[in-house]
Amino acid sequence: MSENSLVTGRVFSKLFFSFVVVLFLGMVVLDFSLRQVLEQSLRTQTDESLASEARLVAAHISAAASPDALQEIARQDASAADAEVAVFDAQGQQVASSKDAGGPKSVPPEVAAILYQHKTVGRARREGTVYVAVPAGPLVVRLAAYSPSDVPAPVYVLRRGIVLASLFSLVVATLLAAVLAQRAAKRLARIVVFAKRIASGDLTARVEEGNLDEISAVAHALDVTASRLEQSFHALESSRSELTALLDSMQEAVIAINPQGQVSWCNAVMQRIALSPVQEGRALVHSIRDPEVLSSVALALTQRQASRRRATSVAPGKIFEVNAAPMPGGGAVAVLHDISEKERSETTRRDFVANVSHELRTPLTCITGYVETLLDDRGLSTQTREFLLIILKNASRMNRLTEDLLALASVESGDYKLRLQKIKASTLVEEAVGSLAGLVIDSELNLEVGDATDEPVMADLDALSQVFGNLVENAMKYGKAGGRVRVGARQQEAMVEFYVQDFGPGIAYEHLPRIFERFYRVDKARSRESGGTGLGLAIAKHIVHAHGGDIRCESELGFGATFLFRLPRVVPAPPIPGAEATPVASTQTVEK
């Protein structure tokens, strides 16, 4: 038997059983009510008939002249009325009776109602007997008749007719209920079929009911819903096709991962660059084995954080920039941008700069040496000496430029290494100020040590000395008007922030975003006059980044400039109870 038949059968059974129960209960209630009404009507009729007989007897009693006559009248009227007759005086004592037995010891309640309550009729019912009392002058006449508990035969006939009529009505109503229930069940079964077709993806399904009742209203509402759902689905499919075409036309590889770490979608570029076929429903690790891609996706899935990494083993000879981010509904998406050409260009540029700078060092050294030798000749004319000094100045500037280019190429290269050691921030500041003391004396500036925290950082002392030297030298060149330079360090949560502050004219806001670019100068004329190369701040930036920190500049015209860089603070690990302290090496080599 199909599931639709089971559903129809259950609905039909429920409706049919409900109809039958309602009809049966109605028949029972009708029979019970009719019985009560008939019995009450019979009781009332018996009481009224007995009261009429009692009044006739009272009329006969009132005409009697002696007690013997009362006794005789009571016997005669009792026979005629088919009831027991008793006569009571004004004190409630029985003076005559149709029976020979003695009267009651106390005044009956029906007689008391006539004597003391002055009612016209007194009634009572005791032990299946009905008593009715009426006044007869100074006397009271009481009739007693047996009240049968059984219902008379006519009532049984009436009840039987009602039961038969009810049974006939029940049969007819049951057949009608069966027809209506079957019809309703079939209509509901059509709605069930419609719902299953919609659930299976057939959005063209419709119920198509006429305007009959509430079930028809429900069917019409479902048809409207299905129609709108079909339109929305087509629009969604169209948008999805457009999105798929757009993503396939991208140069970047895109892959989506569900919350379980399985591939849910990828574009054609990802299929092309992956070493193994990327299949939907398979774990990402089965298709891409690059650790940087996997760690970025894992970070987006577990910690819901976006990350950027550099992947080198996705495809042979290719370098990708990986951007992974969590999706709002769960899962993650990763975008792989091919930066192989850019990396090769950067490598070529760095190698070219390094090679050119290296090749220039030898001739520049020769030029400087020969010029210095010529200047030692005291027989030179003033104009010749002036020309030689100009050559020496520019050769020295070229020497500084090549040295800075070599330093920048070394910092930017992948072979740049740091020898990190745990050192206090205050010690770094003191070492920097001490090494630059002679340079500051020549410039007539006051080098101050500001507040310096003792929080430790992991740093390469020589590399950071170069950073401080470049920043202080920059402050000396452009902040002479302030007369002083301040160096210090302060703690900021998990970082330590170092600063070099001058009190000169400051830097305009539009220059701040580009201040750390190579060869960028705020005032080109003054920079050339002071002998700057335009590479000091770029070198400082790369060294700070190699330490895992960041650098920035804050300035306002007329209030000087402050260069700030931050390094991660060394947080001591919590002690393990019962574990012995193990000495840790104070230095370590970190490759950029």
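Me: Which strands are included in what covers the buried residues of helix H7?
Reply: The cover includes strand E6 (253–257), strand E8 (307–311), strand E9 (320–326) and strand E10 (332–338). Covering rests on contact, meaning heavy atoms within 4.5 Å. Helices (H or I, at least four residues) and strands (E, at least two) are DSSP runs, numbered from the N terminus. This is a predicted model, where local features need pLDDT of at least 70 and side-chain atom pairs count only at pLDDT 80 or more, while totals for chains, interfaces and linings use all residues. Residues are numbered from 1 along each chain as its sequence is written, and side-chain values use heavy atoms, with hydrogens and water left out.

Me: Which residues of H7 are buried?
Reply: Start with the cut-offs. Buried means under 20% relative accessible area, exposed over 50%, and partly exposed in between (1.4 Å probe, protein chains only). In H7, the buried residues are Val 293, Ser 296, Val 297, Leu 299 and Ala 300. They lie on the same side of H7, because their arc around the axis is only 155°. That arc is taken from the directions from the helix axis to the C-beta atoms.

Me: Why do residues three or four places apart point the same way?
Reply: An α-helix has 3.6 residues a turn, so that spacing brings side chains back to one direction. The opposite face is worth a look too. Turned away from the buried side of H7 are the exposed residues Pro 291 and Thr 302.

Me: How far apart are the end C-alpha atoms of H7?
Reply: They are 16 Å apart. The expected span of a helix is 1.5 Å times one less than its number of residues. H7 has twelve residues (291–302) and should span 16 Å, so the two values agree.

Me: What happens at the start of H7, and what follows the helix?
Reply: At the start, a side-chain oxygen of Asp 290 comes to within 2.9 Å of the backbone nitrogen of Glu 292. After H7 comes Arg 304, with a positive phi near 55°.

Me: What is the order of the open sheet that contains E12?
Reply: First, the general idea. Strands of a sheet pair through backbone hydrogen bonds, either parallel or antiparallel. Two strands count as paired if DSSP finds at least two bridges between them. Here five strands run in the order E12-E14-E15-E17-E16, with mixed pairing. Strand E12 (446–452) and E16 are the edge strands, each pairing on one side only. Neighbouring strands of this sheet are turned by 15° against each other on average, direction ignored.

Me: How many bridges join E16 to E17?
Reply: Six bridges join strand E16 (residues 550–555) to strand E17 (residues 561–568), and the two run antiparallel. Ser 555 has Ala 561 as its bridge partner in E17. Their hairpin has five residues between the strands, and Gly 558 there takes a positive phi near 90°. E17 also pairs with strand E15 (residues 495–502), antiparallel over seven bridges. In that pair, Val 500 is partnered by Phe 563.

Me: Which helices lie across E17?
Reply: Axes are lines fitted to C-alpha atoms, for helices over the stretch in contact, and angles run from 0 to 180 degrees between N-to-C directions. Helix H12 (residues 461–478) lies across E12, strand E14 (484–492), E15 and E17, at about 170° to E17. Helix H14 (residues 536–546) lies across E16 and E17, at about 135° to E16.

Me: How many residues of H14 are buried?
Reply: Eight of its eleven residues are buried, so H14 is mostly covered. Among them are Leu 537, Ile 539, His 542 and Val 544. Gly 548 follows H14, with a positive phi near 85°.

Me: What is the order of the open sheet that contains E1?
Reply: The order is E2-E1-E5-E4-E3, with antiparallel pairing. Its edge strands are strand E2 (94–97) and strand E3 (122–126), each pairing on one side only. The twist averages 20° from one strand to the next. Strand E4 (residues 129–136) and strand E5 (residues 139–146) pair over eight bridges. Val 134 stands opposite Val 141 in E5.

Me: Is Glu 230 buried or exposed?
Reply: Glu 230 is buried, with a relative accessible area of 17%. Its place is in helix H5 (residues 214–248). Leaving aside neighbours within four places in sequence, Glu 230 is in contact with Leu 203, Thr 204 and Arg 206.

How values were computed: Polar contact = N/O pair within 3.5 Å; in protein donor to acceptor, adjacent residues only side chain to side chain.
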